[in-house]
Amino acid sequence: MSACWFASATGVYLIFGLFLTLTVNVPMNKALSEIALPDDVETVRKIWRDYSQRWQFWNQARTAASGIALAFAGLGLAKL
């Protein structure tokens, strides 16, 4: 039974942790780093606000998935 929990933890982490990092957050970070920042502070704030909201959503999804994966691994340990 513990193998099922460990497999579930691995699947959740790979799909929602690692996969999201590689397909969403890293490309977003790269795109942000390539933006030439204007001298206008308000424009910079708008760029950051537009970027930050989406990035934070996906970062929170990764955080939740990592917590679920940790809980599944803990259940696997408890079943040993």
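**Salt bridges, helices and rings**

So, let's begin with a charged pair: Asp50 and Lys46 form a salt bridge, and their closest N and O atoms sit 2.7 Å apart. Keep in mind that this is a predicted model.

How many salt bridges does a search of the whole structure find? Two. The other pair to show you is Glu42 with Arg45, whose side chains meet at 2.6 Å, N to O. These two are also in H2, which covers residues 41-78, and they are three residues apart, again about one turn of the helix. Glu42 comes out at 48% relative accessibility, so it counts as partly exposed, and Arg45 gets that label at 45%.

Now the helix itself. H2 has 38 residues and reaches 53 Å from its first C-alpha to its last, close to the 56 Å expected at 1.5 Å a residue. Which residues of H2 are buried? That list is Tyr51, Ser52, Arg62, Ala65, Ala69 and Gly76. And what do the buried residues of H2 pack against? Helix H1, residues 2-33.

On to the rings. The whole-structure search gives three aromatic pairs. One of them is Trp5 with Phe72, a tilted pair at 5.3 Å centre to centre and 55° between the planes. This pair links distant parts of the chain, with Trp5 in H1 and Phe72 in H2, 67 residues apart. Trp5 is partly exposed at 22% relative accessibility, and Phe72 is partly exposed at 24%. For both, the cut-off to remember is that buried means under 20%.

Then there's Phe57 with Trp58: the ring centres are 5.0 Å apart and the planes are at 80°, so that pair is edge-to-face. Phe57 is exposed, with 51% relative accessible area, while Trp58 is partly exposed at 27%.

Last item, the surface. There's a nonpolar patch of about 650 Å², made by Tyr13, Leu14, Ile15, Phe16, Leu18, Leu22 and Val26. Take Leu14 from that set: it is in helix H1, and at 44% relative accessibility it counts as partly exposed.

That's my tour, happy to take questions.

Conventions
Residues are numbered from 1 along each chain as its sequence is written. This is a predicted model: local features need pLDDT of at least 70, side-chain atom pairs count only at pLDDT 80 or more; totals for chains, interfaces and linings use all residues. Side-chain values use heavy atoms; hydrogens and water are left out. A salt bridge is a side-chain nitrogen of Lys or Arg within 4 Å of a carboxyl oxygen of Asp or Glu. Helices (H or I, at least four residues) and strands (E, at least two) are DSSP runs, numbered from the N terminus. Buried means under 20% relative accessible area, exposed over 50%, partly exposed in between (1.4 Å probe, protein chains only). The expected span of a helix is 1.5 Å times one less than its number of residues. Contact means heavy atoms within 4.5 Å. Patches are made of residues with over 30% relative accessible area and no salt bridge: like charges are joined within 9 Å, nonpolar side chains (Val, Leu, Ile, Met, Phe, Trp, Tyr) within 5 Å. Accessible areas come from the Shrake-Rupley method with a 1.4 Å probe; for residues, only the protein chains shown count as cover. Rings of Phe, Tyr and Trp (its six-membered ring) pair if their centres lie within 6.5 Å; planes under 30 degrees apart count as stacked, over 60 as edge-to-face and the rest as tilted.
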